[in-house]
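Thank you all for coming; I would like to take a few minutes to walk through one model with you. Please have a look at the sequence and the structure first, and then I will go through some local details.

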Amino acid sequence: MNGEEEFFDAVTGFDSDNSTGEFSEANKISGMIDLDASKSTRSGKNGERPPQENGIQKHRSPDSPSCSHVHQKRLQRMEYPEEMHWFGCGELSKITMPIAFNEPLSFLQRITEYMEHVYLIHKASNQSQPLERMQSVAAFAVSAVASQWERTGKPFNPLLGETYELIREDLGFRFISEQVSHHPPISAFYSEGLNQDFMFHGSIYPKLKFWGKSVEAEPRGTITLELLKHNEAYTWTNPTCCVHNVILGQLWIEQYGIVEILNHRTGDKCILHFKPCGLFGKELHRVEGYIQDKNRKKLFIMYGKWTECLWGIDPTSYESFKKQEKRGDHARKAKSDDGPEKANSDVPSDMADDVPVAQETVQVIPGSKLLWRINSRPPNSAQMYNFTSFTVSLNELASGMEKTLPPTDCRLRPDIRGMENGNMDLWRTRWFSPGNNPYTGAPDWLYAGHYFERNFSDCPDIY
């Protein structure tokens, strides 16, 4: 099968703690916001602070007790099959996949992962020159997809009207998203800075194409960032995400396509090329691009990997380096890190796409400046769906939060909560069980009986 299909299930989303060193802007933001309840301007009667929607002052970390069950029971869950509803129709919906193919997050929560590197937005707001602001906005656009690296788990499809909110006083923003359409699936979101420095909003609906061994998700929908102090609006669309080996072999992800970021006030444009893997994985994860003014004059060059970092340099220095490199004055390749080993698989090569090996790390051109770098993931991230520390906090449900959250918030979904807690009973059907048709011997779902006795006491609360 090699063609294009309109599927109606949300598939992919867009997402490390704040970068270290000189780029740890989030640490500066946290110092600007008063987290002391006794001093808060939002205090209620008798200085008592009202319940926060989810602005929990201390968020759970990957090694906290409230999170330990997320990874401790994951290996147990791998033994249980689950019907794969990722793609929603055709042959793929009939394939039985291990429950490990999922992750205990709603697609609405994966959208929230855009905000992991929100310090780049705050940084852009505080920069005086349009060119510098565009650099930070471009870095934010690249960082928004960084959490997808090695994230092969499928998020849960949101129900129509499902919502998710996140308030992070330490990071200076609040966020709300809602599933606004089911056919086609459309997720809308809105975020704003707690210091009134930005608004960030948009709608996403992935257009899926199935290519036999891979699924390509084109995230249609416009993303808009408004820097209020500068009266500037930036718009762009995220790159295409492709999941390889959805039938057989080891799953792996790549991002590719052209992302254009437009500053609607100045006319400046940033053009980023997320490169496809290429032969032997030579271009795996690579991003290259430039910023141009309204007259198409190149002002700045950017390069890096969406899984690692983004660097920038002025065009003159860039061209000079390239010319010298061609003459052999510079080493053509940087020293390689120990890349991931090629996946060992018993699947024939014609049945699965080999997982490419990163050829080299990013070669830094002298005179470049670092625009963004991904954080190291938690040590136990591989046992936690490759979540970042930020992602781990998205599904926490502290005592009392139910009173301030709407009943549509996806943290209250029993299926997501059950998966996080390792409760597989929620995936077990009550009135039908898999078996063979008594007449044909073909696989079938057989009625288990007793429904009309009206004893529903052991039914799961799926709503």
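This is a predicted model: local features need pLDDT of at least 70, side-chain atom pairs count only at pLDDT 80 or more; totals for chains, interfaces and linings use all residues.

**A loop residue, and outward from there**

Let me begin with asparagine 231, which is found in the loop between β10 (223-227) and β11 (232-236); helices (H or I, at least four residues) and strands (E, at least two) are DSSP runs, numbered from the N terminus. Residues are numbered from 1 along each chain as its sequence is written, and side-chain values use heavy atoms, with hydrogens and water left out.

Asparagine 231 counts as exposed, at 65% relative accessibility, where buried means under 20% relative accessible area, exposed over 50%, and partly exposed in between (1.4 Å probe, protein chains only). Its phi is near 55 degrees, which is a positive value in a residue other than glycine. The C-alpha atoms of asparagine 231 and arginine 265 are separated by 7.6 Å, although these two residues are 34 residues apart along the chain.

As background, most residues other than glycine have a negative phi, and most peptide bonds are trans. With that in mind, please note the peptide bond that joins histidine 183 and proline 184, which is cis, with omega at about -5 degrees; proline 184 has its place in the loop between β6 and β7.

Turning to the chain as a whole, its secondary structure comes to 9 helices and 20 strands, and of its 463 residues, 50% count as buried. The protein chain exposes about 22600 Å², of which carbon and sulfur atoms supply 51%; accessible areas come from the Shrake-Rupley method with a 1.4 Å probe, and for residues, only the protein chains shown count as cover.

Now to the charged pairs. The structure holds 14 salt bridges, a salt bridge being a side-chain nitrogen of Lys or Arg within 4 Å of a carboxyl oxygen of Asp or Glu. One of them is formed by the side chains of arginine 174 and glutamate 192, at 2.5 Å, N to O. Because arginine 174 lies in strand β6 (residues 173-181) and glutamate 192 in strand β7 (residues 186-193), the pair ties together parts that are 18 residues apart in sequence. Arginine 174 is partly exposed, at 38% relative accessibility, whereas glutamate 192 is buried, with a relative accessible area of 19%.

Another pair is lysine 305 with glutamate 308, whose closest N and O atoms are 3.9 Å apart. Here lysine 305 counts as buried, at 2% relative accessibility, and glutamate 308 is partly exposed, with a relative accessible area of 24%. Salt bridges that share partners also join Glu103, Arg110 and Glu113 into one network.

Tyrosine 205 is found in strand β8 (residues 198-210) and is partly exposed, with a relative accessible area of 31%. Leaving aside neighbours within four places in sequence, tyrosine 205 is in contact with Pro185, Ile186, Glu218, Pro219, Arg220 and Gly221, contact meaning heavy atoms within 4.5 Å.

Finally, the helices: how are α5 and α6 arranged? Helix α5 (residues 119-126) and helix α6 (residues 130-143) pack at an angle of about 170 degrees, with their axes 8 Å apart, the axes being lines fitted to C-alpha atoms, for helices over the stretch in contact, and angles running from 0 to 180 degrees between N-to-C directions. That makes α5 roughly antiparallel to α6, as angles over 145 degrees count as roughly antiparallel. On the α5 side, the residues that meet α6 are Leu120, Ile121, Lys123 and Ala124. As 7 of the 8 residues of α5 are buried, this helix is largely enclosed by the rest of the structure.

Key. Angles under 35 degrees count as roughly parallel, over 145 as roughly antiparallel, 65 to 115 as roughly perpendicular and the rest as oblique.
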